[in-house]
Amino acid sequence: MPAAQSRYLRRDKDVAALWPDNVERAVRGNNERKTKDMSDRLKAEREAAATRRNLLTQDAIERTGITEEMIGELVTRFYGRVREDALLGPVFAIVQNWDEHLAKLEDFWSSVVLMSGRYHGSPMRAHMPLSLVGDHFDRWLDLFEQTAREVCPPPAAALFIDKARRIADSFEMASASLAGRIAVPRHLLRP
Ligand code: HEM
C-alpha cells in the first residue's frame, strides 16, 4: 500500500477516536432538530401568508363586489369577442389551447383585482414579441371596457378598466421603447 494512503487511513482512525459515536449522534440529532425547526417555521410563515391573502381577497370582494364567477364571465365574453375581431383575432391565432389561456387569464385577473396570488406568469415577456402598436391597444381596450361595463356593476367595471388601462400602458410603452419610439400613456387620453 502506498505511504500516502496509509497516512490518510491513520488520520481517519485518529479522527474517529476523537469523534466518538455519542458525539456523532448528538450532532446528527441537533442538525435534524434545526432542519425540522426551519421547515416548521417555513410552513407556519406560508400558512400565515395564505391567511393574510385570504383576508385581503375577502376584503376586496366586499369592497368591490367582484367575485370569481364575475371574472370568469368577463374573461370568457371578452375573449369570445377578441377571437372574432378582425384586428385582434389574427394576433391571438398563436394561442394553442384556449381552455388553458382562459384559465390563465382568470388567474391573472383574480390576482390583479382580488389579490388571490393565483397567477405566476410574466405578461410583459409574453407581449413583447407580438409587435403590438397603438391600434391594437385601442381595440383591445374598447372591447375590454365594453365587456366590463356589461358584466360588472359600475364600481367593479371602473376598477377592471383602470387596471387594464394601466397595464396596457406599461405594455405599450415597453413595446414602443423596444421599437425605438416613445408612447404617451393611453389611460390619460381615454374618456
Ligand atoms: C394590444 C392588446 C393585446 C394583445 C393583442 C394581446 C395579445 C395576447 C396574446 C396573443 C397572448 C398569448 C401569448 C402567448 O401565448 O404566447 C396574450 C397573453 C396574455 N395577455 Fe395579452 N394582449 C393584449 C393586451 C393585454 C393586456 C392590456 C393585458 C392585461 C391587462 C393582457 C394580459 C395578458 C396575460 C396575463 C397573458 C398571459 C401571459 C402568460 O403566458 O402568462 N394582455 N396576450
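A: Two residues are in contact if their C-beta atoms, placed from the backbone, lie within 7 Å. Helices (H or I, at least four residues) and strands (E, at least two) are DSSP runs, numbered from the N terminus. The model is predicted: local features need pLDDT of at least 70, side-chain atom pairs count only at pLDDT 80 or more, and totals for chains, interfaces and linings use all residues. Numbering runs from 1 along each chain as its sequence is written.

Trp-140, Leu-143, Phe-144, Thr-147 and Ala-148 of α6 are buried (20 or more other C-beta atoms within 10 Å; exposed means 12 or fewer, partly exposed in between; C-beta atoms placed from the backbone). These residues cover an arc of only 130° around the axis, so they sit on the same side of α6. The arc is that of the directions from the helix axis to the C-beta atoms. The face away from its buried side carries Asp-135 and Glu-150, both exposed. What covers the buried residues of α6 includes α3 and α7.

Take α3 next. It runs over residues 68-84, 17 residues in all. From first C-alpha to last, α3 reaches 25 Å, close to the 24 Å expected at 1.5 Å a residue. Its buried residues are Met-70, Ile-71, Leu-74, Val-75, Phe-78 and Tyr-79. Seen down the axis of α3, they fall within an arc of 145°, so they line one face of the helix. Glu-69 and Glu-84 are exposed, on the face of α3 turned away from its buried side. The cover over the buried residues of α3 includes α4, α6 and α7.

Lys-104 counts as partly exposed because 18 other C-beta atoms lie within 10 Å. Val-112 and Glu-45 are 67 residues apart in sequence and 23 Å apart in space, C-alpha to C-alpha.

Two loops deserve a glance. Met-115 is found in the loop between α4 and α5. Its phi is positive, about 50°, although Met-115 is not a glycine. It is partly exposed, with 16 other C-beta atoms within 10 Å. Ser-131 lies in the loop between α5 and α6. Ser-131 also has a positive phi, near 50°, and is a residue other than glycine. With 11 other C-beta atoms within 10 Å, Ser-131 is exposed.

A residue is near a molecule if its C-beta atom, placed from the backbone, lies within 6 Å of it. There are 21 residues around the ligand. Gly-121, His-136, Trp-140, Ile-167 and Ala-168 come nearest. Trp-140 is also one of the buried residues of α6. The largest share, four residues, comes from α7. By class, the shell has 17 nonpolar, three polar and one charged. Nonpolar here means Ala, Val, Leu, Ile, Met, Phe, Trp, Tyr, Cys and Pro; charged means Asp, Glu, Lys and Arg; the others, Gly among them, are polar.

Last, the wider setting. An automatic or database assignment sets the domain bounds. Domain 1 is 1-64 and domain 2 is 65-191. Their centres, taken over C-alpha atoms, are 44 Å apart. Six residues of domain 1 are in contact with eleven residues of domain 2. The side of domain 1 that touches domain 2 has three nonpolar, two polar and one charged residues. Helix α2 spans residues 21-64. Its 44 residues reach 64 Å from first C-alpha to last, close to the 64 Å expected. α2 is hardly covered: one of its 44 residues is buried. Just after α2, Gly-65 takes a positive phi of about 75°.

Technical notes: The expected span of a helix is 1.5 Å times one less than its number of residues.
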